[in-house]
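Work through the exercises below with the sequence and the structure open beside you. Try each task before reading its solution.

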Amino acid sequence: MNAPANFDVKSDFPGLFTADGARWHYLDTAATAQKPRAVIDAMSRALGEDYATVHRGVYGRSAQMTLGYEAARRRVAQFIGAKSENEVVFVRGATEGINLVAASWGGANLREGDRIVLSTLEHHSNIVPWQLVAEKTGACIDVCPLTEDHCIDLEALETLLTPRTKMVALAHVSNVLGSMLDVRKAADLAHSVGAKLLVDGCQAAPRLALDMAALDCDFYAFSAHKLYGPTGIGVLWAREALLEGMTPWQGGGAMIDQVSFESTTYAPPPQRFEAGTPMITEAIALHAAVDYLAAHGVDQALDRECELASQLREQLRTLNSVTLFGPERSAGIVSFAMEGVHPHDLGTILDEENVAIRAGHHCAQPLMQHLGVPATARASFGLYSDESDIEALMRGIERTQRIFG
Ligand code: PMP
């Protein structure tokens, strides 16, 4: 597929231009995506002329806002192929979603000697919550290794699983390498020993068409800000029966049925897990983000981002001082190292050229240890990326080579 210049889409995103109107080559979408005008406008309306609280108001504006908030939940449910909107819990982000499952499900279901399987490439937010619950319950963590081309090794996963394995928690798409997981296969393996599968979908939700029924996992978490939506909101999807069996992890308003000092009963899911005034305006802006992404076609977005990633890999390969990490087909994310140049120095020089990349450990220190580097440079693409961004990046890299040459 040939990826033509993407000016139509770029013009929807005010964040892709500098203050003096020049192009800003934003290659850090894996950290957070720029926002289209439709999302900014939806958020602005919700904070402005439409603003009121939800659920408790008896006046018209609040009732309207409640409809908007719940419509966002329905839209997300439809977008990810959930059976019902009751399976969609609004959380602050993927991090909170995973912490919720670890604390609530893990706290109730894990016992001393039980096993939790993670992989080498996980983001810290899919490692540390499990370490916290392991410490409390006496469960142990097993680490599934990677294949030679840096994908989660499902054959190795099979050999790690035992009847004591209660949870398998894996990233759908690696935020460092762009490697994609065959979730269905991982789910079949986890279920074969009676374990649950939690999928960290932070990088997948903006790039892969999702269908919870087809994936057959048990929990799926992602953040809106990587999906062209606002910060401060994310989604935890879980099978309704699982949510029904889980106790709240935070208490407060909105998550109760009846409260007395003698005993308190809880609301059914998803409200049981949404204590306090929710992220009202963020949910409405997330709705707009989902509409925007769906209108552009998630499948096309994936093809395009894979194509851009492979073009970049091809061009980087022509430079002999560059080491590439990750599989050949990566979901729009390319990590690399330049001999003799620290990724932070590269990032700083590129910034002078209006090119923004990420440099660091990307919240994946165990993966850095595995790759044998303290940090990588990472370029990541979004809906608005095109070849002109790759050209600008390559110009900056060549200039860096001359400086360090
Ligand atoms: N998992 C992955 C794979 C990620 O890329 C990120 C964000 N970098 C997270 C989890 C955490 O997301 P958030 O900080 O939005 O909660």
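**Exercise 1.** Is Ser 84 buried or exposed?

Solution. The model is a predicted one, and its chain has an average pLDDT of 95.
Step 1: find the residue. Ser 84 sits in the loop that links α3 (60-79) and β2 (88-91).
Step 2: compare its area with the cut-off. A residue counts as buried under 20% relative accessible area. Ser 84 has 16%, so Ser 84 is buried.
Step 3: list its surroundings. Beyond the neighbours within four places in sequence, Ser 84 is in contact with Ala 77 and Glu 240. Its side chain also reaches the backbone nitrogen of Asn 86, at 2.8 Å.

**Exercise 2.** State where the predictor's confidence is under 50, and how many contacts the model has there.

Solution. Step 1: look at the whole chain. A pLDDT of at least 70 is reached by 98% of the residues.
Step 1: Over residues 1-5 the pLDDT stays under 50.
Step 2: For residues 1-5 the model has 13 contacts beyond four places in sequence.

**Exercise 3.** Describe the open sheet of four strands, from its order to the helix that lies across it.

Solution. Step 1: write down the order. The strands follow one another as β11-β12-β15-β14, and the pairing is antiparallel.
Step 1: find the edges. β11 (322-325) and β14 (358-360) each pair on one side only. On average, neighbouring strands of this sheet are turned by 30° against each other, direction ignored.
Step 2: go through the pairs. β11 and β12 (residues 333-338) are joined over four bridges, and Val 322 stands opposite Met 338 in β12. β12 and β15 also pair over four bridges, with Arg 378 of β15 as the bridge partner of Ser 335. β14 and β15 pair over three bridges, and here Arg 358 stands opposite Arg 378.
Step 3: check how β15 is covered. Five of its five residues are buried. Thr 376, Arg 378 and Ser 380 lie on one side, Ala 377 and Ala 379 on the other.
Step 4: α11 (residues 298-317) lies across β11, β12 and β15 (376-380), and runs at about 15° to β12.

**Exercise 4.** Which residues does Gln 311 touch, not counting residues up to four places away in sequence?

Solution. Gln 311 belongs to helix α11.
Step 1: name the partners. Gln 311 touches Glu 387 and Ile 390.
Step 2: follow these numbers to helix α14, residues 387-404. Ile 390 is among the buried residues of α14, as are Ser 388 and Thr 400.
Step 3: check the length of α14. Its 18 residues reach 26 Å from the first C-alpha to the last, close to the 26 Å expected.

**Exercise 5.** Why is one side of β2 and one side of β4 left without a neighbour in the sheet?

Solution. Step 1: write down the order. This open sheet of seven strands runs β2-β8-β7-β6-β5-β3-β4, with mixed pairing.
Step 1: look at the ends. β2 and β4 (140-144) stand at the edges and each has a single partner strand, so one side of each has no neighbour in the sheet. The twist averages 20° from one strand to the next.
Step 2: β7 (residues 219-223) and β8 (residues 234-238) pair in the antiparallel sense over five bridges, and Phe 222 stands opposite Val 235 in β8.

**Exercise 6.** Examine the backbone at Asp 216, Cys 363 and Pro 270.

Solution. Most residues other than glycine have a negative phi, and most peptide bonds are trans.
Step 1: take the phi values. Asp 216 has a positive phi, near 60°, and Cys 363 has one near 55°.
Step 2: Asp 216 is in the loop between α8 (212-215) and β7, and at 19% relative accessibility Asp 216 counts as buried. Cys 363 is in the loop between β14 and α13 (365-371), and at 32% Cys 363 counts as partly exposed.
Step 3: take the peptide bond. Pro 269 and Pro 270 are joined by a cis bond, with omega about 5°. Pro 270 is found in the loop between β10 (264-266) and α10 (280-296).

Methods. Residues are numbered from 1 along each chain as its sequence is written. This is a predicted model: local features need pLDDT of at least 70, side-chain atom pairs count only at pLDDT 80 or more; totals for chains, interfaces and linings use all residues. Side-chain values use heavy atoms; hydrogens and water are left out. Two strands pair if DSSP finds at least two bridges between them. Helices (H or I, at least four residues) and strands (E, at least two) are DSSP runs, numbered from the N terminus. Axes are lines fitted to C-alpha atoms, for helices over the stretch in contact, and angles run from 0 to 180 degrees between N-to-C directions. Contact means heavy atoms within 4.5 Å. pLDDT is the predictor's confidence in each residue, from 0 to 100. The expected span of a helix is 1.5 Å times one less than its number of residues. Buried means under 20% relative accessible area, exposed over 50%, partly exposed in between (1.4 Å probe, protein chains only). A polar contact is a pair of N or O atoms within 3.5 Å; within protein, one must be able to donate a hydrogen and the other to accept it, and residues adjacent in sequence count only if both atoms are side-chain atoms.
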